[in-house]
Amino acid sequence: MDNIKNGDNVLIVWSDSEPNEISNLVNKIQSVANTSVVLENSNMIAEASRPLSSFDVILSNWMLPHSVNHNDSLLAILIKLLKPSGKLILKDSNDISSILKLNGFINVTKCSDNQYLAEKPNFEVGSKASLKLNNKPAVWKLDETIEEAWTGKNDDEIIDSDMLLDEDDLKRPDQQSLRVCSTTGKRKACADCSCGLAEELRGETKDTPKSSCGSCYLGDAFRCATCPYLGMPAFKPGEKVILDLKSDI
């Protein structure tokens, strides 16, 4: 109990302990003047059980039968209930040094065979801090390019994205050059071509076919992959549309 000081708020996390065991521990802690003690069952505790960052010390699994399971869920709650720089003192027969560190605790110390002491960092979970480049640590000097990238000293070397495109990239492609077979995706029409590419390659004009879905006139968003109207603007229902399949091949 050396880590409990006058005026501390203390949380005791227990499981399956006898009432007299709990009472004895509470009385021992309260022997320190102006010490507040709160009890929580490890199987029922939740993040909303107590105000966050409200405890200076948390004692966990301190009483027989030592059946508290210090899993990720419980430790994630306990670190949020602790005040910054608050201490977690627990007993566990397993080696839980790693799991304590992975849940955000620092200065993890194994005091005895089954007793651990860990601390919450001196800031709140989720806190943010500004990175001051003018007072950067020495590690920044390992590579000057890191400093230059953050401070913008070499703005002249930044590549303009527009310079990556040449004149050919800016030209609008010829619609006829994009015409391919809707079945194979190739410029060559298949043997039983029904999409109109065969007629186009022969320089023929094909009359408006009948729609099998009835939605062709609405535009490309409503047309199937083999629709001969693909790429054409929407038109009125019943309007006669001539597909000009001539192209310069």
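Modeller: Contact here means that heavy atoms lie within 4.5 Å. This is a predicted model, in which local features need pLDDT of at least 70 and side-chain atom pairs count only at pLDDT 80 or more, while totals for chains, interfaces and linings use all residues. Residues are numbered from 1 along each chain as its sequence is written, and side-chain values use heavy atoms, with hydrogens and water left out.

Colleague: Let's take His70, then. Which residues is it in contact with, leaving aside its neighbours within four places in sequence?

Modeller: Ser60, Asn61, Leu75, Leu90, Lys91, Asp92, Ile96 and Ile99. His70 itself sits in the loop between β3 (55–60) and α2 (72–81). Helices (H or I, at least four residues) and strands (E, at least two) are DSSP runs, numbered from the N terminus.

Colleague: Why does His70 count as buried?

Modeller: Buried means under 20% relative accessible area, exposed means over 50%, and partly exposed is in between (1.4 Å probe, protein chains only). His70 has 4% relative accessibility, so it counts as buried.

Colleague: What makes polar contacts with the side chain of His70?

Modeller: The side chain of Ser60, at 2.7 Å, and the side chain of Asp92, also with a value of 2.7 Å. A polar contact is a pair of N or O atoms within 3.5 Å; within protein, one must be able to donate a hydrogen and the other to accept it, and residues adjacent in sequence count only if both atoms are side-chain atoms.

Colleague: Where does Ser85 lie, and why is it called partly exposed?

Modeller: Ser85 lies in strand β4, and its phi is near 70 degrees, again positive in a residue other than glycine. Its relative accessible area is 37%, so Ser85 is partly exposed. His66 counts as partly exposed too, because its relative accessibility is 32%.

Colleague: On to the sheet. How do you know that β5 and β6 pair?

Modeller: Two strands pair if DSSP finds at least two bridges between them. Strand β5 (residues 106–110) and strand β6 (residues 115–119) have 3 bridges, in the antiparallel sense. Thr109 stands opposite Leu117 in β6, and a hairpin of 4 residues joins β5 to β6.

Colleague: What is the order of the strands in the open sheet, and which strands stand at the edges?

Modeller: The order of the 6 strands is β2-β1-β3-β4-β6-β5, with mixed pairing. β2 (36–41) and β5 stand at the edges; each has a single partner strand, so one side of each is left without a neighbour in the sheet. The twist averages 15 degrees from one strand to the next. Axes are lines fitted to C-alpha atoms, for helices over the stretch in contact, and angles run from 0 to 180 degrees between N-to-C directions.

Colleague: Which strands does α2 lie across?

Modeller: β1 (9–14), β3 and β4 (82–91), running at about 135 degrees to β4. Leu74, Leu75, Ile77, Leu78, Ile79 and Leu81 are buried in α2. The buried residues of this helix pack against β1, β3, β4 and α3 (97–102).

Colleague: What makes up the largest nonpolar core?

Modeller: A nonpolar core is a set of buried Ala, Val, Leu, Ile, Met, Phe, Trp, Tyr and Cys residues joined through side-chain atoms within 4.5 Å. The largest has 22 residues, of which Leu11, Ile58, Leu78, Leu88, Leu100 and Phe105 touch the most other members. β1, β3, α2, β4 and β6 are the elements that each give two or more residues to this core, and α2 supplies the largest share, 6 residues. Apart from this core lies another, of 14 residues, among them Leu25, Val26, Val37 and Met63.

Colleague: And why is Gly219 called buried?

Modeller: Gly219 has 9% relative accessibility, so it counts as buried. Its place is in the segment after α6 (197–201). The C-alpha atoms of Gly219 and Tyr229 are separated by 8.2 Å, with the two residues 10 apart along the chain.
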